[in-house]
Amino acid sequence: MRAIWTGSIAFGLVNVPVKLYSATENHDVRMHQVHKKDGGRIRNQHHCEECGKTVEYDDIDKAFDDGEHRVVLTSEDFEALPAEDNDDIDVLQFVPSDEIDPIMLEKAYFLEPTSKTPKAYLLLRKTLEDTERTAIVKLTLRTRTRLAVLRVCGKVLMIQTLRWADEIRDVDFKGVNSKAKISDKELEMSEKLVESYSEDFTPEEFSDDYQVELRKLIDAKIESGESLDIEKTFDEEDSEEDTGGDVIDLMEALRKSVDSSRSSKQGTPGKKSNAKKTSSRKSGAKPKKSTAKKSAPKKRTG
């Protein structure tokens, strides 16, 4: 497993050096198109509908088309955009874990501590567990800024990217607003049916039957000689990234973050600050003000 990103979780004056790994993988059998007659690999080509010629990848640009206007965007246009280059996972706020709607969750990543003394990593994990909080964070993946949640998964910290609020569709199905009367008897029977199926969820008990049978079919064809000899080449290159620096004095960094946040709050009474530091999560603190945003003790905009 190869790390796809290296940086630090940053909140207050605390930095937690980590590496990011994809937490999931696709188990589908990978297939490609071949010529039915001789088994030759089919390669896609890009043809221009104006001149009819085959176009090389380097000569292809992207365009926005709304049916009336077509705006062509070149690689230079994209390079001019203010893409972020940030190696921090910036904590914006800590929220109750049950406030995260599963529909917003996307791809998951594991976070590995890279510090020689991973005390800060362990402290953050323990704090999230004890306070039943999830961190809302911002990070940059492949030059794109992503919103994500930082939460505990077993013994590791995990990042799950989030969809933006405007990506969730609004629906108004007529059926859900029906005033059809449900009798007590119907509800009782429905509850009994649910109870009859009730048990603890064990993911390992389930398998993808289609992929299992597909693999059996492929193995059978190989065993019977119905296969082609294909030279396989793999050019995967493993690169080692430098690990981040250690947290020099964790307690001092926590203490300064808390003091700075308190001072800032006292200096601006009645005003909500636009901050991403959450000093109220210091060890043992009750989460009674966990959703309040506090002023950042250092400049970081994510």
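Asp130 is exposed, at a relative accessible area of 51%. Exposed here means over 50% relative accessible area, buried means under 20%, and partly exposed lies in between (1.4 Å probe, protein chains only). The model is predicted, so local features need pLDDT of at least 70 and side-chain atom pairs count only at pLDDT 80 or more, while totals for chains, interfaces and linings use all residues. Residues are numbered from 1 along each chain as its sequence is written, and side-chain values use heavy atoms, with hydrogens and water left out.

The side chain of Asp130 meets that of Lys126 in a salt bridge, 3.5 Å from N to O. A salt bridge requires a side-chain nitrogen of Lys or Arg within 4 Å of a carboxyl oxygen of Asp or Glu. By this rule the count comes to 7 salt bridges. Lys126 is partly exposed, with a relative accessible area of 45%. Both Lys126 and Asp130 belong to helix H2 (residues 119-131). They are 4 residues apart, about one turn of the helix. Helices (H or I, at least four residues) and strands (E, at least two) are DSSP runs, numbered from the N terminus.

Helix H3 (residues 184-197) holds Glu188 and Lys192, 4 residues apart, so about one helical turn separates them. Their side chains form a salt bridge at 3.5 Å, N to O. Glu188 is partly exposed at 35% relative accessibility. Lys192 is also partly exposed, at 48%. Elsewhere, salt bridges that share partners join Glu106, Arg146 and Arg163 into one network. A further salt bridge links the side chains of Arg70 and Asp65, at 3.1 Å from N to O. Arg70 counts as exposed, at 56% relative accessibility. Asp65 counts as partly exposed, at 41%.

Phe64, Val71, Leu73, Phe78 and Leu81 make a nonpolar surface patch of about 450 Å². Patches are made of residues with over 30% relative accessible area and no salt bridge; like charges are joined within 9 Å, and nonpolar side chains (Val, Leu, Ile, Met, Phe, Trp, Tyr) within 5 Å. Accessible areas come from the Shrake-Rupley method with a 1.4 Å probe; for residues, only the protein chains shown count as cover. Phe78 lies in helix H1 (residues 75-80). Its relative accessibility is 38%, so Phe78 counts as partly exposed.

The strands form a closed barrel. Its 7 strands run in the order E1-E2-E6-E9-E8-E7-E5, with mixed pairing. Neighbouring strands of this sheet are turned by 40 degrees against each other on average, direction ignored. Axes are lines fitted to C-alpha atoms, for helices over the stretch in contact, and angles run from 0 to 180 degrees between N-to-C directions. Strands pair if DSSP finds at least two bridges between them. Strands E1 (residues 5-11) and E5 (residues 88-96) run parallel and are joined by 3 bridges. Within this pair, Ile9 stands opposite Ile89 in E5.

Strand E7 (residues 133-141) pairs with strand E8 (residues 144-153) in the antiparallel sense, over 7 bridges. Leu139 stands opposite Arg146 in E8. The hairpin of E7 and E8 has 2 residues between the strands, and Arg142 takes a positive phi near 55 degrees there. E8 also pairs with strand E9 (residues 156-162), antiparallel, over 6 bridges. The bridge partner of Val149 in E9 is Gln160. The hairpin of E8 and E9 likewise has 2 residues between the strands. Here Gly154 takes a positive phi near 65 degrees.
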